[in-house]
Structures are given as structure tokens and as C-alpha cells.
Amino acid sequence: EYPFQRHVSGFTSSLRTSSAETFIPTSVDLANGLHRPPQKPAILRKISAAQQLSASEVVTHLGQTVVLASGTLSVLLHCEAVGNPKPTISWAKNGEEVKYNDRLLLQPDDSLQILAPVEADVGFYACNASNALGSDSVSIAVTLAGKPLIKASRTTVINTESPAVTVDIGSLVKTIQKANVTIYCQVAGVPEAKVTWFKNKVKLCSTHHLHDGLLFIANVSLSDQGLYSCKAANLHGEVTESSQLLVLEPPRPLPYLEDLTAVLTSAGPSIHSVLTSPSGTKLTVSPGSSALIGCAVDGHPTPNITWLYSGEPLSLRHQLLAAGQILQILNVSEFTDGEFSCLAQNEAGSLTQIMFLAIQEYRWSVDKLTACSASCGHRGVQLPQLRCLLDGAEVNISYCRETPKPSLQPITCNRRDCPSRWMVTSWSPCTRSCGGGLQTRRVTCQRLTAKGSSVPMSNEACAQMSKRPVDTQNCNRQPCVEWVASSWGQCNRPCIGPQLAVQHRQIFCQTKDGTSVSSDQCSSLPRPLSTQNCWTDVCGVHWRVSLWTVCTATCGNYGFQSRRVDCVHIRTNKPVMEHHCSWRPRPANWQRCNITPCENGTLLRGGEAEQCRSRKEGRVVSQKRSTGPW
């Protein structure tokens with residue numbers, strides 16, 4: 001089958017076949033490929049052993065294990081596939097696409113050649129053949145000196161629907177309860193490695209797993225969660241890979257929510273609360289109140305909760321309590337009647353629970369009437385009585401102030417002739433303001449008809465119904481009183497100013513005959529003063545001034561004049577000591593006068609002139625002085 005016919009002893013290989021080995025094409029099939037019907041790809045599984053052309057060159061088909069020795073310089077992995085249309089060949093190592101370089105070469109016949117292999121080249125190489133109808137894949141293990149090797153995956157597998165799931169060791173497995181889980185641990189090694197399984201580092205007995213490195217967990221539950229490890233060992237060493245198994249539980253409704261009970265206990269009994277449910281619950285509240293809405297769900301892992309209002313995320317004021325399981329609406333009036341829903345989600349699924357909010361409306365009611373305003377005649381009416389109702393119960397009328405009031409129309413009532421009755425006018429003014437007087441009024445018997453007219457009737461017609469009212473009565477019977485004042489007392493206190501000396505008198509309330517009564521009986525009358533300012537004899541003084549004297553100069557800056565200032569008694573006009581007038585400002589006794597510039601060198605004094613004449617050769621001064629007191 002190969003152009004190479006040489007064989008070098010000492011090369012070791014072992015064969016592992018794939019479960020996908022369902023079709024082994026023949027040479028006839030290859031020759032007649034163009035005449036066969038469309039066919040999915042199938043990779044040839046060669047039964048013959050790998051050939052080592054020399055101590056440094058190895059050629060092998062897939063499905064076998066290659067052991068790298070210290071002198072190996074080249075490994076050729078041969079892959080041949082059939083199918084119609086012709087399959088496309090690609091290579092992967094440990095689940096990742098091979099990146100070709102100067103050491104990893106893709107040959108024209110789609111073989112993979114590894115030049116100068118190193119320890120980093122150890123792993124599982126898979127040849128993938130695909131066409132429009134499907135694909136096939138076969139792997140070969142390349143080990144170093146026969147050491148154990150495990151084909152591991154680093155993927156995350158989430159199963160939320162299928163009853164069974166199969167993964168390679170190394171994967172993170174998340175699956176729903178009651179599913180069957182198979183973990184495949186594909187190993188390679190020379191000699192063949194022994195497989196041992198562990199759960200959370202505790203060895204599993206043989207009843208838990210099957211042969212060929214398969215671990216089967218049937219009908220998984222939460223108790224099956226854990227870390228499952230596969231250890232492959234032979235005389236050259238050992239290696240371990242692990243997979244984490246997480247059991248998912250989709251969100252499910254709970255009949256109660258403990259956190260909601262705790263919040264209600266602290267908030268008080270007046271707050272409204274309700275739990276959502278898959279079928280929907282209803283909460284009816286009054287405007288302006290607050291409400292607590294609980295989302296009682298469970299699941300594994302713990303579901304994330306999203307609150308929606310009418311299918312949209314909440315935008316109005318709210319608070320989330322108990323890790324989002326409780327929605328607190330601070331004021332329901334900010335919302336309208338609508339649907340609140342909580343969406344609980346985890347990796348296993350989702351659950352929506354619903355609550356319908358109904359906000360009661362305050363409304364006016366006119367189902368009652370006031371009492372009739374009259375028992376007979378033509379003016380009897382009844383008014384509809386407005387009431388503010390909430391859910392049929394009457395509440396304070398202020399709650400309806402935002403609601404338009406209905407129009408109210410009076411309703412006539414008791415429109416009939418009245419029985420005869422006494423009619424009276426208002427009382428006349430009293431004839432006296434005190435001491436007893438009289439008031440009178442007019443009393444007649446009349447009947448008011450349904451049309452509003454008044455018909456006079458005989459006194460006998462009214463006397464049969466009631467006693468005739470009086471037409472005269474006494475009034476203002478209180479005694480006539482007045483304020484009486486005694487004489488003014490002595491003017492007291494020293495004279496410091498004209499309004500500080502005072503005098504007093506007694507004020508009494510008494511009747512006209514002189515009988516003293518309580519002051520309260522005179523309270524309606526103006527009360528005379530009991531205190532007034534007064535003048536003492538000492539205070540009867542003032543400053544007396546004489547006339548100003550003649551100014552001492554007619555011009556210049558030195559003229560002045562004076563006068564006499566004395567403190568004298570007003571009554572006797574005799575001088576007294578000046579301190580008696582000290583409470584009044586003392587007038588000035590001198591002042592400047594004739595303060596004007598003098599002209600032509602003339603100084604006028606006392607009406608006479610003093611002239612100064614000057615000559616070129618000398619000076620003559622002529623003066624005439626008046627004989628005055630100065």
C-alpha cells in the first residue's frame with residue numbers, strides 16, 4: 001500500500017479502532033467512485049501496523065498510537081477518505097485546528113507530517129473529512145516514550161432538554177435533572193494505560209462506570225454534582241483530567257416567600273402585598289398607597305429576576321428588596337391598571353409569573369338627598385347629597401377633589417298649603433335705653449298656600465293650632481348708670497419737665513339715685529380719665545429776656561450786642577434762682593452783629609465817624625468818640 005518497503009525493528013505501536021468504523025471501502029470502491037451514488041465521507045481505517053522507515057522516520061495510518069522515541073525526526077500521519085462528492089480533509093490537535101508551519105506540514109495527499117517532533121507535539125490528532133452530505137473523523141494518539149495520554153476537552157456543555165448527554169473528559173457539564181450523562185475518557189499509552197475514576201477525589205467503584213474509559217451516570221440529581229476525574233496510568237507514568245458536573249434545575253414557583261413575610265412584619269399591616277403566579281394574581285389597591293409584590297421562585301443555580309411592567313422594564317419609582325425577589329411600589333398612583341411580571345432565569349430555563357394591578361378610583365355619589373327645606377308652602381326643595389366613595393365605601397370628601405363634581409339639580413318637595421299659623425313682625429325699638437321700656441309687634445293669623453301667596457285667616461283658626469304669641473314685652477330693664485368722678489388730688493412729683501407732674505381722682509359707677517354698682521355695668525359708657533398732667537407752683541417759671549443793645553460796630557468782624565436773661569415767676573414776675581428754669585433751654589445773652597466788610601477805610605462806631613486822612617508829607621488822624629457804656 002505504501003511506496004516504502006523498508007522495515008526497522010524496535011518500533012512499537014498499538015492499534016485502537018474507532019466506534020465510527022462502520023464502512024471499510026475497498027480498492028474497487030476507489031476505482032469506481034465516479035459511478036457510485038452520493039455518499040457521506042468515510043475515512044479508511046488501516047489494519048496494518050505503522051511502519052518506521054528508519055530510526056528517525058515513522059509512517060502510520062489513523063486509529064493507532066505513535067510512540068515518539070528520542071531519535072524520531074519525522075512522523076507522517078496518513079489520512080485517506082472516500083465519499084461522493086470528494087471529501088475535504090482537515091486536521092485538528094486536541095480539538096483545535098492545526099496551524100501549519102515549517103514543522104507541521106500538510107502534504108499534497110492530505111497527510112500531516114511532523115518534522116523534528118518535540119514534547120509539545122504530543123496529543124490526539126484528528127483527521128476530519130467532510131462534504132455536503134456529512135463528515136467523518138478519526139484520531140491517532142502521539143505519545144512521548146509511551147507515557148499515558150488523555151484526550152481532553154475544554155468546552156462547556158449545557159443540556160436543558162435532551163434526556164442524555166455525552167462529553168469528553170475535561171468538559172464543564174451543566175445538565176438538567178434526570179438526564180443520563182456519559183463522560184468519555186479516551187486514553188493512549190504503551191503499554192496500554194489503566195483507567196481509574198474519582199468523584200471529588202474519592203475513588204469510584206466499578207459499578208459506577210463502564211469499560212473503555214466510559215463513565216455513565218444515570219438519572220442525575222443534585223446529589224450527583226461534583227468533580228469527576230479520570231486517571232490513566234501505566235509503567236511510564238500517570239495523567240489525570242477532570243470534568244465538573246453541575247445539575248441544573250429550571251425556575252419553579254413556590255407557594256410562599258419568607259422574605260416577603262419579614263418585610264411585611266417591619267412595614268406594618270396597612271401595606272398591600274401579593275405573590276405573582278404563573279396563571280396571574282390580582283391586587284386591588286386604593287390610590288396613593290404602596291404595595292409589595294413577591295416573586296416566589298426557586299431553581300439551581302439561583303435564578304436572576306427581572307421585573308417588567310406591561311412587558312417593559314420598570315422606569316417609574318420603585319425599590320427592589322430581598323435580592324430582587326420583592327418589588328416595592330412606593331405610590332401606585334404613578335402607575336395605571338396593568339400587568340406586573342417577574343422573569344426568573346437561569347441556565348436551565350426561565351419562568352414568568354404575573355400579577356394584575358387594579359387601582360380603585362374615587363368617585364362622587366348622589367344616591368342620597370338632604371331633608372326637605374320646608375314642610376309646606378312653595379319653597380320646599382331637596383338637594384342631592386354628594387358623597388365620596390372608594391370601592392363602595394364612603395371616605396373623606398377631600399379624596400374626590402380631583403374628580404369633577406356632577407351637576408346637581410334641586411328637587412321640589414312638600415309643595416302644599418300650610419295649616420293656619422300665627423305670623424309675627426319684628427319687635428319695635430325699646431322705648432327706653434335703661435330703667436325699663438316696652439317693645440311691640442304685630443301678630444296676625446295667616447295661611448301660606450302652595451303657590452306662595454299668604455291668605456289672612458281668623459284668629460280662631462290659628463288659636464286651634466297654637467297659643468297666640470304676645471305682641472308686647474318689656475325691654476332694657478337694667479338700671480340707668482353713669483360714671484362719677486371725685487375732685488382732682490394734689491399735683492405731685494418735682495418739676496423736671498412740663499408733663500411729668502401728675503394728679504389723680506377716683507372714678508365710680510353708680511345709678512341715677514347715687515347707688516354704687518359694679519364697674520362692669522358702666523362698661524358700655526365712656527370712662528372719664530382718672531389721671532392727668534398738672535403744673536405745680538414751682539413749675540410756673542420761665543426765662544425773661546430784655547431787648548438787644550446797639551451793635552458795637554457798623555461793619556467789620558468785631559461787632560456784638562447783648563441782652564439780659566433772667567428766670568422769673570410767671571405769676572409774680574419776680575426773679576428766682578436760675579436752676580428753677582433749668583428744665584427749659586436758656587436763651588442766649590449775646591450775639592455777633594453787623595459782620596460786613598467796611599468800605600473807604602471808614603469804621604462806624606456808635607453812629608459817629610472816625611476818619612483817617614493821609615497826606616504826601618504826613619498823616620493826620622481825626623477821631624470823634626461817643627460816650628457810651630463801653
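Close-up 1. Strands here are DSSP runs of E with at least two residues, numbered from the N terminus, and two of them count as paired if DSSP finds at least two bridges between them. β25 and β27 (residues 291-294) run parallel, with four bridges between them. They belong to an open sheet of four strands in the order β25-β27-β32-β31, whose pairing is mixed. At the edges lie β25 (272-275) and β31 (319-321), each of which pairs on one side only. On average, neighbouring strands of this sheet are turned by 20° against each other, direction ignored; the angles run from 0 to 180 degrees between N-to-C directions, with axes as lines fitted to C-alpha atoms.

**Close-up 2. The disulfide of C388 and C400.** Welcome to one of the 13 disulfides of the model, a disulfide being a pair of cysteine sulfur atoms within 2.5 Å. The sulfur atoms of C388 and C400 are 1.9 Å apart, and the link is right-handed, with 80° about the S-S bond. It connects distant parts of the chain, 12 residues apart: C388 is in strand β37 (residues 384-390), while C400 is in the loop between β38 (393-395) and β39 (411-412). C388 is buried at a relative accessible area of 1%, and C400 is buried at 0%; buried means under 20% relative accessible area (1.4 Å probe, protein chains only).

**Close-up 3. The disulfide of C509 and C522.** Here the S to S distance is 1.8 Å. The torsion about the S-S bond of C509 and C522 is about 75°, so this disulfide is right-handed. Because C509 lies in strand β47 (residues 507-511) and C522 in the loop between β47 and β48 (531-533), the pair ties together parts that are 13 residues apart in sequence. C509 is buried, with a relative accessible area of 3%, and C522 is buried as well, with 0%.

**Close-up 4. The disulfide of C551 and C593.** C551 and C593 are joined with an S to S distance of 1.8 Å. Their S-S torsion is about 95°, so the disulfide is right-handed. This pair links distant parts of the chain, 42 residues apart: C551 is in the loop between β49 (541-545) and β50 (560-562), and C593 is in the loop between β52 (590-592) and β53 (603-605). C551 counts as buried at 13% relative accessibility, and C593 counts as buried at 9%.

**Notes for all views.** Residues are numbered from 1 along each chain as its sequence is written, and side-chain values use heavy atoms, leaving out hydrogens and water. As the model is predicted, local features need pLDDT of at least 70 and side-chain atom pairs count only at pLDDT 80 or more, while totals for chains, interfaces and linings use all residues.

Key. Buried < 20%, exposed > 50% of the residue type's maximum accessible area, 1.4 Å probe, protein only.
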